[in-house]
Amino acid sequence: MSAHQLVLILDFGSQYTQLIARRVRELGVYCEIHPCTLAPAPREGLVGIVLSGGPSSVYDEDAPPFDSGWLALGVPVLGICYGMQLLTHRLGGEVRPAHSREYGPADIRVEGGRLLAGLEALEPVWMSHGDQVAVPPAGFRVVASTDTCPVAAFENDAARQYGLQFHPEVTHTRNGVRLLANFVREICGARGDWTMRGFVEEQVERIRAQVGTGEVICALSGGVDSSVTAAILHRAIGRQLHCIFVDNGVLRKGERDAVEAEFQDFDLTVVDATDRFLGALEGVSDPERKRKIIGEQFIRVFEEQARRFENAQWLAQGTLYPDVIESVSFRGPSATIKSHHNVGGLPPDMKLSLIEPLRELFKDEVRQLGRELGLSAGRVDRQPFPGPGLAVRCLGDLSPTRLHVLREADAIVQQELEPLQLGLWQGFAVLLPVRSVGVMGDNRTYEEVCAVRCVHSTDGMTASVADVPMSALTRIANRIINEVRGINRVVYDVSTKPPATIEWE
């Protein structure tokens, strides 16, 4: 990516760091995220630096390290939340605990400035902080405030250094993208030269150089990520690619048949490993163990299949940015949310080397890439489905019986939601290890509870609850209770992300 202009994001532990990157890319500007420990050095094409938010105080003994040499490189710097406080602390200002902590929506009074150009006099934003700037550094002008935060934004245009106490990257900040455009396009002067078409060309060259004469085994599930992974690999290396679909026993209803039909022109091998996976998962209820077991079993199956090919050296996966950021703190001090089966669950003695062409992309970018590669709308617009499948939607112990119950309930949810065209990010059923008393006919029942989850999102990092018509929810509940033996109660999940995750496990 060295040919592109670059915005560098230093991560101080915010769960929103990936969103900053996503918003910058929406502006057609390439960006990279690195841990805050990265040593400062000139980089080809570097036009701007963003200091992310984070959970620490600049006065903590174990505050994340930061080399002020980054501020001496002469490129524009934007500090967001903790990043703003860090700028203040390092440049001679003062940061104090806020009298009234702000976690949620707020209205800022805009008082001019280059960074906030074009915004209204009163703008809704999203705050999340305990400390705040009390005294700005010398040379900085306050350009926004709230009733409880007198320095909500400041800037030193001569030094090209800027700070925001709120989060422009989240959708709750109404004109956050406009604000970031002011920084990236106007202040940094980025021309916007990063596109999915360019990504295809560059990635094809990378894959060819990386793989050489080796052969690649692609874990093809039929979902968006693995399908796009297979498509770009096929464009790059053609017959050196071998796709394998594993029926692991935790798939949705009809998934195997659909994949075989849709990918019949690929070099596709279907492996029935249902007994193997469910045997390894028997008696396991902890979600982290489920993910790691599934990850290891997947790898073992692929290694066995790879022996069929003389020169198989690589395993391709559709790993995305959100998978990585929620699995491991590889970019900085971000808190681990959960392990993904293809990130935190890989065994250390894996024989194949990984190739992950989508690792730096968000879901909506992957969809754009799929269209660029010529995949059908029905394929690229599919809802995300977790790698561990129904294993992380069937809470508690797994058994063929409980998985069958969930599979049937989920099929009803899909059937009823599809004609509503709600533009959902995801809509699915979850089987809970909770029993409740019910009445069917004249008989008492004591069966499990099904939760229905429907959310809107753009990238999977945040999600809002979908406003599904009550008539549709009632119809879903009635069908599940009447048609699926083992469930006598259906509830609707109204939790946003954050604080909840989209999947239950």
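**Stop one: charged pairs**

Start by selecting Glu-255 and Arg-382, whose side chains meet in a salt bridge at 3.4 Å, N to O. Glu-255 belongs to helix α6, while Arg-382 sits in the loop between α11 and α12, so this pair ties together parts that are 127 residues apart in sequence. Keep in mind that you're looking at a predicted model.

Next, pick Arg-393 and Glu-503. Here the closest N and O atoms of the salt bridge are 2.8 Å apart. Arg-393 is in the loop between α11 and α12 and Glu-503 in the segment after β18, so parts 110 residues apart in sequence get tied together. Both residues are buried.

Then hop to Arg-479 and Glu-416, another salt bridge, at 2.9 Å from N to O. Arg-479 is partly exposed, whereas Glu-416 is buried, with 12% relative accessibility.

For a group, select Arg-22, Arg-25, Asp-364 and Glu-365: salt bridges with shared partners join them into one network. The structure holds 31 salt bridges.

**Last stop: Asp-225**

Select Asp-225 in helix α5. Is Asp-225 buried or exposed? Its relative accessibility is 15%, under the 20% cut-off, so Asp-225 counts as buried. Show Lys-363 too, and you'll find a polar contact of 2.7 Å between the two side chains. Beyond its sequence neighbours within four places, Asp-225 also touches other residues, including Gly-318, Leu-320 and Val-366.

Methods:
Residues are numbered from 1 along each chain as its sequence is written. This is a predicted model: local features need pLDDT of at least 70, side-chain atom pairs count only at pLDDT 80 or more; totals for chains, interfaces and linings use all residues. Side-chain values use heavy atoms; hydrogens and water are left out. Helices (H or I, at least four residues) and strands (E, at least two) are DSSP runs, numbered from the N terminus. Buried means under 20% relative accessible area, exposed over 50%, partly exposed in between (1.4 Å probe, protein chains only). A polar contact is a pair of N or O atoms within 3.5 Å; within protein, one must be able to donate a hydrogen and the other to accept it, and residues adjacent in sequence count only if both atoms are side-chain atoms. Contact means heavy atoms within 4.5 Å. A salt bridge is a side-chain nitrogen of Lys or Arg within 4 Å of a carboxyl oxygen of Asp or Glu.
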